[in-house]
Each structure stands twice: as C-alpha cells, then as structure tokens.
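Me: I have a model open and want a quick walk through it. Can we take it piece by piece?

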Amino acid sequence: MDFMVFQYPMISVQACLDGVLLGILFALIAYGMALQWGVMNIINIAQGDLVILGGYIAYFMYLYGIHPAWGVIVAPIIMFFVGIAIYKLVINKVVDRDLFISILATFGISILFMQLMNFAFGADVVLANSDYGTTMLFNNNVVLPNSKIFSAFISILFAICLVIYMKKSKLGRAIRATAQNARAAKILGVDTEKVYAATFGINAALCGVAGALISITFTIHPYMGLPYTIRSFMIVIVAGLGNLPGVAMSGMGLGVFEEFADYILGTEFRIGSVFLLLVLILVYRRFKLSKKREYLK
Amino acid sequence: MKDNLILYIGILIFGIAAPFIFPAFKVQLSILCVLIVLATTWNIQGGEMGYNSFGNILFYGLGMYLCASVQVGMFFPLAEWTESGGEKTFVHTPAQFFQGMAVGLLVAAIVPTIVAGVIGYSILGLRGHYFAICTLGLGVAAGEISGGIEIIGAGQGFTTPPFPDVGSLDSRGEFFYFLSFFTLVFTFVAVRSIYSTRFKLILNAIRDNEDKAEAMGIETMKYKIIGWMISAFFCGLAGGIMGGLVGYIDSTDVAFDGREMGVFMVLMAILGGKGTLWGPIIGATVFHIFKEGFWTFFLGWQYVALGVLIVVIVIYFPEGIMGWLREKYPERFGEVIDEKDRKAQVELK
C-alpha cells in the first residue's frame, strides 16, 4: 500500500490525465463489444486478442520502417477481413444458440489466437516507438507523452465517424434495425446474415484501431488479450447497451481507477484489481436488481 | 440394476489393479482420476443446474494452496519454507507428511465450500452471460492476486513437501494413485446418491425455468448455493491432491490455471454430455487420452490444438457423447416411445 498519490496532488493529476486518455481507448474497444452484443447477442471473449492482433500489425509496420501511426489506417482494413473470416468460420454457427455456447466458442478462438500470435511474433513484450515526444504541464510536474494524446484524439475521431456512419448509411440503418428486432428486420428485407458479418467486421476493425494505438502508446504481448475483453465487458455492463456517452464516461472512469490502483496497490495487482472490480460491479448490480423485484404480499 | 452392480464391481477391481497392470502410467491415471472428479462436479452446477461457471478453478486452486500450506505450516514456519524455494532445510518425517496431508485435505475441502457459500450468495443471482463472465473474472483475479502474496511464494511458486522415504521407490505413485482413485470413488458415490434425490430434480427445474421453479415455491437461491458448495467441496479436494501430485504450485500456471484446467473441466463435461452421470466420466477419459496424444505428438502446438478442439466440440458436439448415444439408442436409456401416448400428446398440442 502506498498513499503517496494523495500526499502529492500533482501525482493525482497525472494519474487522472493518464487514466482519462487510457479510458478513451478502452471505450473504443467497449463500443465494438456493445455493438456486437446488441446486434448478435454474443459476448466475444476473443475481443482482447483481436486488439492485440491489431497492435501487432502496427508493430510490424514499425519493424519494416513505416511509421506505426499508419497502422491506424492499415490495421482496421486487415482486421475487418479477419473479423469477417472469423464470422464465416465460427460465429455464424453459434449466433442463435445457447448463450454459453458462444462464450465457450469465442474462448476457444481466444486461446487459438493467443498461441498463434505467440508463435508468429514471439513471447516478448514489444512496443512500436512513435517518437512523438512529450508535453509538460503544470510547471513540468505532469508529463504526458504526445502519443497518448494522439491516440485519444484518433479514438474520438473513429468513434465520431462510426456514429455518423451508423446514423446516415444504409448498412448502419440495417444494423440498427437488426439490433432492435432481427425477425422484423428480416421480414422487411434486411439480409441479417450480411448485417451480422458486417457488424463483426466493424467490431474487429475497431479492435484493430485500438490495438494499433495501444502498440504506439503502451506495450503489447500475445497473452495480454483477456484483460481487454474483461475491461470492455465491464464498461458495457456499467454503461448499458446503446448508450455511447455512458460507454465513454465509464471507460474514462475505469482508466482513472486503474491508474490509481496502480499507484496505491502496486503494479503487480493492476490486472487483479480490474478483475476484482468486475466481480464487485456484478455483485452490486445483482443486489441492486434484486431490490427492484416485487413480491406479492 | 444387476447389470450395473456387476459393472461397478468390475470398474472398482480394474481401478485397484490398474497401477499394477500399467505401472508406467501411474501418474497419468491419477491425473485422470482428478480430471474425472473435476468434470463430474462441474457438471453438478454446470450441467444439472444450468449455471455455467468458469470459476470452479478458484476452488481447485484454493484447495491446492490450502492443502500445501497446512501440510507445511503444521510443522514448520511457512514463510521460511517458501523463501527457501524447496531446498531441503526442513524435511517431513513420514508420520508428519501423512498427518499433514490428511488435515490439509480436510481444510482444502472445507474452506472452499465456505468460500463458495459466501461468493455464491453474492453472485448466483446473476444469470447467463453475467454469471459466466463473473466467474471467469473471479478465477483470473484469484490467480493474479495469489501471485502477489509473499507468504505462499508469490511469483516464484510454492514447492509442496516432497514424499517421504518409506522404503520402496514406487510408493509415491501408488499413494497418490490410490488417494485420487478413492476420492473418485467417494465423489462418484456421493454424486450418484445426490442424483437419486429430489435435490437433483430441483436443480433441473432451476435449469429449465428458474422463474417457474421459484413460482412453484422452491427457494431457488438456497438450492443454487448448496449445489455450488457441493461442487466446491470436491474441487478443493481434487486441488489438494493435485498439488501433492505435481509437487510444485504456481499461481497462474498450476493453481488458478484458467487457460488449462479451468477450461478442461467445462470441455470434458460438454464432450461427454452435460447433465448426465456418466457423461463427464466418459468425456474426461476420452479427453485425457486425446490430450496426452496431442501434447506428446504436437509439442508446442498444443494450445492451437486446444483452441481448435474447443471450437469444434462446441459447434459440432454440444450434446456430447452421451447425447449422441441417447439419440441413437433411446431404449438403452429407458426411454420407451409409447405410440398411444405420443399421439395423445400431439393431439393436445
């Protein structure tokens, strides 16, 4: 336990700013999860592994001398097709089955991806150095890497583009219609199969963007996927489905929580605290919901 | 019933004779017994109750750590033991070892049961996705947290007490084989007798329609907690045995190994057939043979194989081996298709 963070207010400011910038990235991943959850009623455990895969695409561009920031454009394009391939091979067979089946199937995909990435890219922790420098704030007491600001900016940009696309385009309308009522949408001539594939592809593309940004700002490792899945799941259940401002807010909240947990409990408990927070939120949710239940007296 | 009795006696005799027939496979057979225990007890709440948990690994790991800690802590200072990293500063005498093991297993079974009761009260109200992900989180959180606790070895692991020198070289393998085999027999008898009571029907009612079960006057919460506690009891016991068998406990790779054991128990139960008595047993046996083959011939690619295996089993065999047999030979399962009754039912609809 280390309470230095409360004695020196500048550290708190640092933690808050770091947390918010990190949280925006989490929110982007969570938005993808909310999308597929809402449309297909699937929880994708492999979400985090798609993120890491996107990160490796940016990292590879960096290895071959291309600036990793271009990964933000290349990764989603590749990941979109990866997503569609996963949908065609596995997800379309579990879409309308038991909930647990889809969780287990995506868990299998997650293990598969983890290990394939381990073979392909090695088990080292890597990062793609962007050389963006740092920004000093508050009399040089708070240090912000420009790459974090860049990644937050790009995430917001992508989120806005996606929201506009969902509102205005034909496919966006079809996706929203399917989310509301798949059967009715089918009757009215929406090709739901195509909509599902597109949704999964868009989700994978979002993961690709987030992964590329994570490889620039933080580090990536083949086994780091599951925490991202859990974070996005947590953000979605706190915010609720289809509530974009809520997703953004709870994403930032989670980021700030993590930074503070990192300072107070120590880095070795960081991931543990995320998982524990998930359990606590679910327990809180259960007791809150059970109060709402009505009994006949 | 008479056929079954002969079958049971046959299996019992085979089980007792197995380590002498296949002396090279003693460790594998003991692991198989532990796997069967895990799959069978996962099936109590996963298959019969319909609460699919990834978190039974929590009780397994807890039992493993508790059994080893008690076994060491009863006679020697625990902190120094873990710090020395398994060097032979302290040596258990045979009497100390077996005493410690007995008390350790008892603690390893009881504490997880209580933990399951407490956690179960908080999270068994969750349903579907939420319960599955919550238990997944629990398992991973336990692994991450136990990896940061110094007294049980933190990141460097915990060496369980080595088996004492009691004469012959084979006695370690035989001791652990018979320990796990009799745990398996105990589990099987317990689970079988549970399945012949009203309790099982209540669990099935919860699985089929929980709201309706509650409306019929069943206190579903109470039974769900009891179901999970039974599961936790045997998981803790299995974990304690496995800790002694492996000889080394690591927080994320051995004890709270959600990526291996945590998925294995779910997979074995599904492969054999959820919600049947024999399904998990058959599933575990088939899975273990399959896995050992894969692990030996595809060394390095085993997780790739595991991932593909999960996807294939889940997509193509969600009913499992027992479900397939049942569809093929319904009369063997005591399902008599009465034409008159069937017609009456059709008319009712």
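Me: How many of the 18 residues of helix 3 of chain B are buried?

Reply: 17 of the 18 are buried, so helix 3 of chain B is largely enclosed by the rest of the structure. Buried means 20 or more other C-beta atoms within 10 Å of the residue's own; exposed means 12 or fewer, partly exposed is in between, and C-beta atoms are placed from the backbone. Helices here are DSSP runs of H or I with at least four residues, strands are E runs with at least two, and both are numbered from the N terminus.

Me: What kind of model is this, and how is it numbered?

Reply: This is a predicted model: local features need pLDDT of at least 70, side-chain atom pairs count only at pLDDT 80 or more, and totals for chains, interfaces and linings use all residues. Residues are numbered from 1 along each chain as its sequence is written, while chains are lettered from A and ligands numbered from 1 in the order in which they are written.

Me: What pLDDT does chain A average?

Reply: Chain A averages 83, and 96% of the residues score at least 70. pLDDT is the predictor's confidence in each residue, from 0 to 100.

Me: Helix 9 of chain A, then. Mostly covered or mostly open?

Reply: Mostly covered: 22 of its 26 residues are buried. Helix 9 of chain A runs over residues 192-217 and reaches 37 Å from first C-alpha to last, close to the 38 Å expected. The expected span is 1.5 Å times one less than the number of residues.

Me: A:Gly211 lies in that helix. What does A:Gly211 touch?

Reply: Not counting residues up to four places away in sequence, A:Gly211 touches A:Val51, A:Ile52, A:Leu53, A:Gly54, A:Gly55 and A:Ala75. Contact means C-beta atoms, placed from the backbone, within 7 Å. A:Gly211 counts as buried because it has 32 C-beta neighbours inside 10 Å.

Me: Which residues touch the most other members of the largest nonpolar core?

Reply: A:Ile29 and B:Ile310, in a core of 191 residues. Helix 2 (residues 9-40) of chain A gives the largest share of this core, 17 residues. A nonpolar core is a set of buried Ala, Val, Leu, Ile, Met, Phe, Trp, Tyr and Cys residues joined through C-beta atoms within 7 Å. Among the residues that A:Ile29 touches are A:Val51, A:Leu206 and A:Tyr228.

Me: Switching topic. How many residues of chain B are in contact with chain A?

Reply: 31 residues of chain B, against 32 residues of chain A. Helix 6 (129-146) of chain B gives the largest share of chain B's side, eleven residues. That side divides into 21 nonpolar, eight polar and two charged. Nonpolar covers Ala, Val, Leu, Ile, Met, Phe, Trp, Tyr, Cys and Pro; charged covers Asp, Glu, Lys and Arg; the others, Gly among them, are polar.

Me: What is the secondary structure of chain B?

Reply: 16 helices and two strands. Of its 349 residues, 46% count as buried.

How values were computed
Contact = placed C-beta atoms within 7 Å.
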